[in-house]
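Trainee: I would like to learn how to read a protein model, feature by feature. Could you take me through one slowly?

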Amino acid sequence: MAGASLRWLFAAPQGYIIRAPPATLLTYAVLSAPAYNNNFIAASKYAATCQVLIMSVTYSSYLKVDELLQCQHPLSDGPEHDELLFITIHQSYELWFKQVLHELDFLMELFNKGDRNRALHTLKRVDTIYRTLIQQVDILETLTPLEFLSFRDRLSTASGFQSYQFRELEFLFGAKDASKLDVYEKDSGHYKRIEKRLQSPTLWDAFLQLLKQEGYAVPEVLLKRDWTQRSEPSEKVQKLLIDIYRNDPLLAEICEALVDIDTSLQQWRYRHVKMVERTIGSKMGTGGSSGVGYLQSTLFRPVFPDLWAIRAEL
Ligand code: HEM
């Protein structure tokens with residue numbers, strides 16, 4: 001009996017599930033025994049008596065909206081009106097960081113496979129996300145210094161400085177710096193994630209592999225470099241890039257898409273530091289840094305320096 005009803009269940013159109021009252025199920029079992037196939041009509045009649053529930057996936061069930069909306073917990077008394085904005089904006093950044101990591105891992109595969117068209121498409125998507133992230137700073141700029149102060153002490157030592165996805169992205173883009181791991185408890189899940197990125201090739205390394213596959217004479221020493229270090233600019237690579245810009249339109253477009261992303265990364269940093277300056281001035285950061293001074297030291301540091309170096313030569 002169980003076999004027959006199970007088979008019927010599998011024969012039901014996808015997305016439907018048949019709920020059978022136990023008594024009817026028993027009747028069906030009698031009707032349909034012993035061979036399921038010979039009793040298909042009986043089974044159909046039976047099905048008509050069953051309550052067919054459309055297990056349609058709903059907006060909320062698919063997106064886990066209820067769970068998502070349970071994740072905002074202001075800590076201030078009241079709570080202070082503006083704390084929710086602060087939480088929401090950080091959480092939305094983290095969701096986008098997750099998406100960008102997803103896209104960049106895919107992009108690395110595309111570079112490895114030599115799929116230049118899809119790689120270009122993915123690069124454009126990543127940059128579009130970053131442009132959105134830059135614009136989100138506008139929303140935080142509506143938070144006045146006093147509004148932020150109303151709950152700032154509740155943050156204790158919490159800071160964007162500890163965003164492990166942000167560090168993973170930095171390392172993937174090429175801004176390797178092992179000391180950034182010090183903030184995380186050794187061997188914790190977050191530590192391991194960043195450590196893995198530290199030890200893995202960067203987007204630029206994957207791009208150089210693509211150039212090699214395309215027949216460009218990328219120096220072997222760069223292809224076998226120590227991935228835990230930031231890659232140094234290379235005059236030999238710059239010569240190849242100039243050749244690409246002049247003679248290989250699709251690869252040149254990929255280079256431009258990389259420059260777009262590099263520009264967006266720097267623009268986000270600039271918008272962030274100006275927003276921080278207007279919100280907390282010269283105060284120290286909750287993460288323990290000097291605050292604005294520290295953030296200013298991270299400005300204007302491209303992740304793809306070779307692409308910037310060649311522009312005067314083109
Ligand atoms: C009122 C809003 C904000 C203020 C006052 C603020 C302040 C700061 C400060 C002072 C730092 C330096 C580290 C430290 O805490 O000592 C910092 C770092 C950082 N913040 Fe923010 N931040 C704000 C919003 C955001 C948002 C919305 C994000 C988005 C994820 C973010 C991401 C980061 C990241 C990733 C760093 C580390 C940068 C690096 O080390 O290069 N911050 N923030």
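This is a predicted model: local features need pLDDT of at least 70, side-chain atom pairs count only at pLDDT 80 or more; totals for chains, interfaces and linings use all residues.

Trainee: How many helices and strands does the protein chain have?

Mentor: Helices (H or I, at least four residues) and strands (E, at least two) are DSSP runs, numbered from the N terminus. By that rule the protein chain has 16 helices and 2 strands.

Trainee: What share of the residues in the protein chain is buried?

Mentor: A residue is buried if 20 or more other C-beta atoms lie within 10 Å of its own, exposed if 12 or fewer, and partly exposed in between, with C-beta atoms placed from the backbone. Buried residues make up 19% of the 314 residues in the protein chain.

Trainee: Which residues of helix 11 are buried, and why do they line one face of the helix?

Mentor: The general idea is that an α-helix has 3.6 residues a turn, so residues three or four places apart point the same way. In helix 11, which spans residues 203-213, the buried residues are Leu-203, Trp-204, Phe-207, Leu-208, Leu-210 and Leu-211. Seen down the axis of helix 11, these buried residues fall within an arc of 155°, so they line one face of the helix; the arc is that of the directions from the helix axis to the C-beta atoms. They pack against helix 6 (83-113), helix 9 (164-173), helix 12 (220-223) and helix 13 (235-247). Helix 11 is followed by Gly-215, whose phi is positive, near 95°.

Trainee: Which residues have the most contacts inside the largest nonpolar core?

Mentor: In soluble globular proteins, nonpolar side chains tend to be buried together. A nonpolar core is a set of buried Ala, Val, Leu, Ile, Met, Phe, Trp, Tyr and Cys residues joined through C-beta atoms within 7 Å. The largest one here has 35 residues, and those with the most contacts inside it are Leu-104, Leu-107, Leu-123, Leu-203, Phe-207, Cys-255 and Leu-258. The elements that give two or more residues to this core are helix 6, helix 7 (116-140), helix 9, helix 11, helix 13 and helix 14 (249-280). Two residues are in contact if their C-beta atoms, placed from the backbone, lie within 7 Å. Not counting residues up to four places away in sequence, Leu-123 touches Leu-107, Ile-254, Ala-257, Leu-258 and Ile-261.

Trainee: Where is the cis peptide bond, and which residue has a positive phi near 50°?

Mentor: Most residues other than glycine have a negative phi, and most peptide bonds are trans. In this model a cis peptide bond joins Gly-78 and Pro-79, with omega about -10°, and Pro-79 lies in the loop between helix 5 (65-68) and helix 6. Ser-156 has a positive phi near 50°; this serine is found in the loop between helix 8 (145-152) and helix 9, and is exposed, with 9 other C-beta atoms within 10 Å.

Trainee: Which residues come nearest to the ligand?

Mentor: A residue is near a molecule if its C-beta atom, placed from the backbone, lies within 6 Å of it. Of the 24 residues around the ligand, Ser-159, Gly-160, Gly-285, Gly-287 and Ser-289 come nearest. The largest share of this shell, 4 residues, comes from helix 14. The shell divides into 11 nonpolar, 13 polar and no charged residues, where Ala, Val, Leu, Ile, Met, Phe, Trp, Tyr, Cys and Pro count as nonpolar, Asp, Glu, Lys and Arg as charged, and the others, Gly among them, as polar.

Trainee: What does UniProt list for His-272, and is this residue buried or partly exposed?

Mentor: UniProt positions are given in the numbering used here, feature names are shortened, and annotations may be inferred rather than shown by experiment. In an unreviewed entry, UniProt lists His-272 under "binding site". His-272 is in helix 14 and counts as partly exposed, with 18 C-beta neighbours inside 10 Å. Leaving aside its neighbours within four places in sequence, His-272 is in contact with Val-137 and Leu-295.

Definitions and conventions. Residues are numbered from 1 along each chain as its sequence is written.
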